[in-house]
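Happy to go through this one with you.

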Amino acid sequence: MGIISDTKDRITDIHIHVVPGVDDGARTLEEACEMLRLAAGEGIERVFATPHDAAFLNADVRAVFRRLRQAVIARGIPIELHLGCELRVSAQTAARCLRGLADGVYPTMGDSRCVLLEFVFDTPLEEYLYCIDLMRGAGYTPILAHLERYAQADPRFAEALRGAGALVQINAGSIADEGDGELRRRANLLLSEGLVDFLGTDAHRMDRRPPRFRTGTDALRRLYGEEYAALVSARNPGKYLL
Ligand SMILES: [Fe+2]
């Protein structure tokens, strides 16, 4: 995108399961590299690999991540890699998650103070706000993963979360999704109200939610303008995560 000039501002997927063999994402190093090659072809220049939190209890994710990064460099795949984590939180587990972050079991997003959070589907607003407050109180900025996937996530809901200090990620694939229309409808409602901060693919495998990005970002630019597209795809990641 032409209006992106700062070198920190690169097109970024902040949510992808590409560390091989540690969660339900890429199974092998080969598959991970294939996903990242596809991501690069989709216009992505930087990714935050975000394994599910349980991976960090069961495997040496950081070592596998380092091997992946070496392979990406060796193969000349033009993608900059950072490590993050997708933490599933609830009122019951939020304190445990915080301890894991403080103890260094779970990484934040890159070297930032941002953490990527997901919730179970019917979590009420009060529970989101409780978890956000807890995270903020400990000095973290929560990013809510794929908010458009939650049926309750209308603009008022998202405004309340952002008002409490959280940031919002949606999946690029939802913007022009051709499924039942609900994901597309919610994603576009959030975008039209300016309530989205980041994009992700939430890609898992080549045959299961591959890293598709360009159809979504094309629609984003067409419908909401270059400026907003640049903000959520590149400027905000540069501003908050590096
Ligand atoms: Fe995910």
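Q: What makes the contact between the side chains of Arg10 and Glu80 a salt bridge?
A: The N to O distance is 2.8 Å, and a salt bridge requires a side-chain nitrogen of Lys or Arg within 4 Å of a carboxyl oxygen of Asp or Glu, so the pair qualifies. A word on the setting: this is a predicted model, in which local features need pLDDT of at least 70, side-chain atom pairs count only at pLDDT 80 or more, and totals for chains, interfaces and linings use all residues. Residues are numbered from 1 along each chain as its sequence is written, and side-chain values use heavy atoms, with hydrogens and water left out.

Q: Why is Arg10 called partly exposed?
A: Its relative accessibility is 27%. Buried means under 20% relative accessible area, exposed means over 50%, and partly exposed is in between (1.4 Å probe, protein chains only), so Arg10 falls in the middle class. Glu80, with 23%, is partly exposed too.

Q: Which parts of the chain does the pair of Arg10 and Glu80 link?
A: Arg10 belongs to the segment before E1 and Glu80 to strand E3 (residues 80–83), 70 residues apart. Helices (H or I, at least four residues) and strands (E, at least two) are DSSP runs, numbered from the N terminus.

Q: Why do Arg235 and Asp9 get the labels they have for accessibility?
A: Arg235 has 25% relative accessibility and so counts as partly exposed. Asp9 has a relative accessible area of 12%, so the label there is buried.

Q: What makes Arg88 and Glu118 a salt bridge, and where do the two residues lie?
A: The closest N and O atoms of Arg88 and Glu118 are 3.4 Å apart, and the pair is counted as a salt bridge. Arg88 is in strand E4 and Glu118 in strand E5, 30 residues apart. At 44% relative accessibility Arg88 is partly exposed, while Glu118, at 8%, is buried.

Q: What joins Asp9, Glu227 and Arg235 into one network?
A: Salt bridges that share partners do. The structure holds 16 salt bridges.

Q: Why are E4 and E8 said to stand at the edges of their sheet?
A: The open sheet has five strands in the order E4-E5-E6-E7-E8, with parallel pairing. Strand E4 (86–88) and E8 each have a single partner strand, so one side of each is left without a neighbour in the sheet. From one strand to the next, the twist averages 35°.

Q: What makes a set of residues a nonpolar core, and which members of the largest one touch the most others?
A: A nonpolar core is a set of buried Ala, Val, Leu, Ile, Met, Phe, Trp, Tyr and Cys residues joined through side-chain atoms within 4.5 Å. The largest core has 68 residues, of which Leu36, Leu87, Met135, Leu147 and Ile170 touch the most other members. Helix H3 (residues 61–74) gives the largest share, six residues. A second, separate core of ten residues includes Phe48, Met109, Cys114 and Ile143.

Q: Why is Val232 called buried, and what is in contact with Val232?
A: Val232, found in helix H10, has 0% relative accessibility and so counts as buried. Contact means heavy atoms within 4.5 Å. Leaving aside neighbours within four places in sequence, Val232 is in contact with Val196, Asp197, Phe198, Leu199, Leu220 and Pro237.

Methods. Pairing = 2+ DSSP bridges. Axes fitted to C-alpha atoms, helices over the stretch in contact; angles between N-to-C directions.
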